[in-house]
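Good morning, everyone, and thank you for making time for this short talk.

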Amino acid sequence: YKDLLAVEIYGDSLCEGKELRIKSNVVCGVNGYKYFWSGPNNFTSNDTNVYLSKAKYINSGWYYLKVTMNDLEATDSVFVQVYSKPNIYFEPQEPVTICEGDSVTIKAKSDCTITAYKWSDGSIKESILVKNTGYYAVLITDSNGCTNVDSVLVNVSPNPIVKILALGNPEFCLGDSVTLKATPEDLASYLWSDGSTEKTITVKE
């Protein structure tokens, strides 16, 4: 009587966020059989097939199906692996700030083996050279075929507009002097042509 009822189930490994489907195929000469599914994280179901609209990594594992009809029973199992999305992190890390006229190389990295890159500017390399302010997004694909997307913000700071003020008459007699002041006064550092690093210098020539 064992040949009167047989079951096979099929399930493919997939990436996180995709549809998880495990299909059953029951061979039976009559109707009236019942389904008893069990799986990871106390999963149970009495449906014909297993369907999860958005699979997660915790849904990985063995799925078992028992089909019964009167005194007949058939079982089968399948292992399904749900791969996590590849993590993305950037070098350098945010916030990325460069000076006007400079550039920075942004590199997309992951703890997975990446097989493909696609940046928002069309580049397909691991890194891009950035000169302008804006968000730069990258779509990566790992060796399991799973994808993820993230973006990094780059800010371009304008260069300071420096002016030198003469605190006195810049035309003076031999032996006199004039004080020169650099503005704005809140800059991080100053370097005059004579080597001074102060905000003001006194010149006699």
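Predicted model: local features only at pLDDT ≥ 70, side-chain atom pairs only at ≥ 80, totals over all residues.

Let us begin with the sheet, in which 4 strands are arranged in the order 5-4-7-8, open and with antiparallel pairing. Strands here are DSSP runs of E with at least two residues, numbered from the N terminus, and two strands pair if DSSP finds at least two bridges between them. The edges are taken by strand 5 (43–45) and strand 8 (72–80), and because each has a single partner strand, one side of each is left without a neighbour in the sheet. On average, and with direction ignored, neighbouring strands of this sheet are turned by 15 degrees against each other, where the axes are lines fitted to C-alpha atoms and angles run from 0 to 180 degrees between N-to-C directions.

Residues are numbered from 1 along each chain as its sequence is written, and side-chain values use heavy atoms, with hydrogens and water left out.

Staying with the sheet, strand 7 and strand 8 run antiparallel and are joined by 9 bridges. Met69 has Leu72 in strand 8 as its bridge partner, and in the hairpin of these two strands, which has 2 residues between them, Asn70 takes a positive phi near 55 degrees. Trp62, in turn, has Phe79 in strand 8 as its bridge partner.

Which residues do ring pairs link into a cluster? They are Trp62, Tyr64 and Phe79, and here rings of Phe, Tyr and Trp (its six-membered ring) pair if their centres lie within 6.5 Å, with planes under 30 degrees apart counted as stacked, over 60 as edge-to-face and the rest as tilted. Trp62, Tyr64 and Phe79 also make a nonpolar surface patch of about 320 Å². A patch is made of residues with over 30% relative accessible area and no salt bridge, like charges being joined within 9 Å and nonpolar side chains (Val, Leu, Ile, Met, Phe, Trp, Tyr) within 5 Å. The areas come from the Shrake-Rupley method with a 1.4 Å probe, and for residues only the protein chains shown count as cover. Tyr64, which lies in strand 7 (residues 61–69), counts as partly exposed at 41% relative accessibility; buried means under 20%, exposed over 50%, and partly exposed in between.

The structure holds 5 aromatic pairs. One of them is tilted, because the rings of Phe90 and Trp119 have their centres 6.2 Å apart and their planes at 50 degrees. Phe90 lies in strand 10 and Trp119 in strand 13 (residues 114–119), so this pair ties together parts that are 29 residues apart in sequence. Phe90 is buried at 8% relative accessibility, and Trp119 is buried as well, at 2%.

Finally, there are 3 salt bridges, each being a side-chain nitrogen of Lys or Arg within 4 Å of a carboxyl oxygen of Asp or Glu. Lys109 and Glu91 meet in one of them, at 3.8 Å from N to O. Since Lys109 lies in strand 12 (residues 104–109) and Glu91 in strand 10 (residues 89–91), the pair ties together parts that are 18 residues apart in sequence. Glu19 forms a salt bridge with Arg21, with the closest N and O atoms 3.4 Å apart, and for Lys181 and Glu185 that distance is 2.6 Å.

Key: Buried < 20%, exposed > 50% of the residue type's maximum accessible area, 1.4 Å probe, protein only.
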